[in-house]
Amino acid sequence: MSSVPHPPAAGVWAAWRLLGLTRLRRHPIGLVGMAIILATVLTALVGPRVWRIGYADQIARRLTAPSAAHPLGTDTLGRDELSRIIHGAQVSLQVGIVAVLIALALGTAVGVLAGFYRRRVDAVLMRGVDVMFAFPGLVLAILIAGLLGPSRTNAMIAIGIVYAPAFARVVRGATLGILNLPFVEAARSLGARDWWVIRRHIGPNIVAPLVVLTTIYLSTSILSEAALSFLGLGTQPPEPSWGSMLDSSRSHMEQAPWLAIAPGCAIMIVVLGFNFLGDGLRDVLDPQLRDA
Amino acid sequence: MIRFAAGRIALLVPTLVGMSVLIFLMVRILPGDVVDVMFAGDVAASTTSKAAIRKALGLSAPLPVQYLDFARGVVTGNLGQSLTSGEPVAHIISRALPITTELAIVATGLASAVGIPLGVVSSVRPNTWFDLAAHVGGLLGLSLPNFWFATLSLLVTSVFFHWIPPVTWVPFARDPLQNASQVMLPAVAIAVYLLAAVMRMTRTSMLEVLRQDYVRTARAKGARADRVIVHHALRNSLIPVVTVIGFQLGGLMGGAAVVEIIFGLPGMGYTLVQGIYSRDYPVIQAAALLLATVFVVLNLVVDLLYAVLDPRIGLA
């Protein structure tokens, strides 16, 4: 099999180049997005070690206004709002990443199988995808999360299932395009097995569209988790989620407006970061859209 | 064109059947059962009484029989009765659907009225401060959670203007002013995302069209700049914009759920979520199927409209 073309050399730098991240340095909005995401990840990882108040500790009077001791005030149970926002970052990132990984795994498997084997496999799998696509995303997520029962795990599963069809469609299209390229035909004529062709040729060549889609759906997943938690179908108390914090702030909006502002800002900034990064990656990875 | 339309409409039937099967199975197979919910906390309830209730609700029949009953009900308009209120589901849906439809239409109108002009201006002044502001503003709009915007708008109106929208729903036909005061804030909250999407799509599409030969020819012939933009470029760049609006309109119908709950509007999303809270299967099935059907039909309309706007699609 040595005459068959190989994918780019492995290594961290090669992986970054493959993901388009090295080319981002010429895209300011993409760089800002990356900075926001890195700051959020850092907050989620290091925040609890720096700000040592527990998210469930009732350490002050209820509904205290922002002060030096509690920069974002306290909530209805006297818990520090900043520590809850920091812990909410962990929850949001975890849900976003796990949900997108579920969508990525399901969607890539379905898309590659449909595109690679075509005919009946394609027809059956893609009709299923069409049916899933026929639902408005949030409605299906509400339905699945609501019927599975309210919990963070179920919210992740629901969001992952809902966004898998989008990945399947993109991967199928990319696979169909790659199958007609000379190096794939060469590999197949040399007797390469299906799995080998998929792993060595299809896989590396569908990375670019998947990277763009992943960043876009990371932001959508974080928004969906916040919406599900807002409805009481996601992360359950006492664990904080930005969505559920926003929901509980509604009953004290006039007395404690800061409770409605902080979690909403947090959601928007993180989602904005992923949208900025997605925009940048789309521009550097898809030259046709660069001038648009 | 007729063959294209017939082909697309024919595809609608298996999609609708597939959707109804998926909803039916999700409601039946996923853990938790309405009878368990009805007897929640009642440890004394016997298996026999639970079985009797399951039989009365038609839940003890084999799944294919249950599905056929459900499908028959959908076709004949008999969607059953709410398990919590006993009210016919068709009544509940007929009350909720106009509210969500009105919200979605007003939101789409607002988003189009603001988003298209902003996208056009951004495209005719590329790489200027206005363009950059529109670009960043568009991404901000896509990142703004509509439920946060809705919460903040209620906060602002109640704290600064000492006003909150009326709680009891008033139809447009009864009192247009009262109705407008109820719909405006939630519609704006829903419109923000669509506005950003429409603006970005208009800008991208306009930039592509403005590079075309016929636009250059029109300019070379001495046509006024505004005429070239509106008559030559905008008309031809609206096709993908219409697609985005159509697809998003369907999504708005379901996506409005959270905003409906914040403003206490008993629309379709609100009804679905209330049905889920109380495991009211007939309501869940009907609301989910209707929202999905509206979404699919709107997508079909967009496809057909696309072929009307660009006859090459119908001929392909």
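Predicted model: local features only at pLDDT ≥ 70, side-chain atom pairs only at ≥ 80, totals over all residues.
The C-alpha trace of chain B spans about 85 × 55 × 35 Å along its principal axes. Of the 316 residues in this chain, 38% are buried. Among the contacts in chain B with a separation of 6 or more, 73% join residues 24 or more positions apart.

Helix α9 of chain B covers residues 213-220. Of its eight residues, the number buried is zero, so α9(B) lies largely in the open. After this helix comes Gly222(B), which has a positive phi, near 95 degrees.

Attention now turns to the meeting of the two chains. Here, 41 residues of chain B are in contact with 37 residues of chain A. On the chain B side, the elements giving two or more residues are α1 (2-29), α6 (129-143), α7 (146-160), α8 (176-210), α10 (225-255), α11 (257-263), α12 (268-277) and α13 (281-309). The largest share, eight residues, is supplied by α7(B). By residue class, the side of chain B that touches chain A divides into 29 nonpolar, 11 polar and one charged.

Within chain A, a pair of helices can be followed residue by residue. Two packed helices are described by the angle between their axes and the distance between the axes. For helix α9 (residues 207-230) of chain A and helix α11 (residues 258-285) of chain A, the axes come within 9 Å and cross at roughly 165 degrees. Angles over 145 degrees count as roughly antiparallel, and α9(A) is therefore roughly antiparallel to α11(A). The crossing of these two helices is left-handed.

From α9(A), the contact draws on Ala208(A), Val211(A), Val212(A), Thr215(A), Ile216(A), Leu218(A), Ser219(A), Ile222(A), Leu223(A) and Ala226(A). Facing them from α11(A) are Ile267(A), Val270(A), Val271(A), Phe274(A), Asn275(A), Leu277(A), Gly278(A), Leu281(A), Arg282(A) and Leu285(A). An α-helix has 3.6 residues a turn, so residues three or four places apart point the same way. In terms of residue class, the contact of α9(A) with α11(A) comprises 15 nonpolar, four polar and one charged.

Notes: Residues numbered from 1 in each chain as written. Chains lettered and ligands numbered in written order. Axes fitted to C-alpha atoms, helices over the stretch in contact; angles between N-to-C directions. Helix = DSSP H or I, 4+ residues; strand = E, 2+ residues; numbered from the N terminus. Parallel < 35°, antiparallel > 145°, perpendicular 65-115°, else oblique. Left-handed = near helix turned anticlockwise from the far one by under 90°. Contact = placed C-beta atoms within 7 Å. Nonpolar A, V, L, I, M, F, W, Y, C, P; charged D, E, K, R; others polar. Buried ≥ 20, exposed ≤ 12 C-beta atoms within 10 Å, placed from the backbone.
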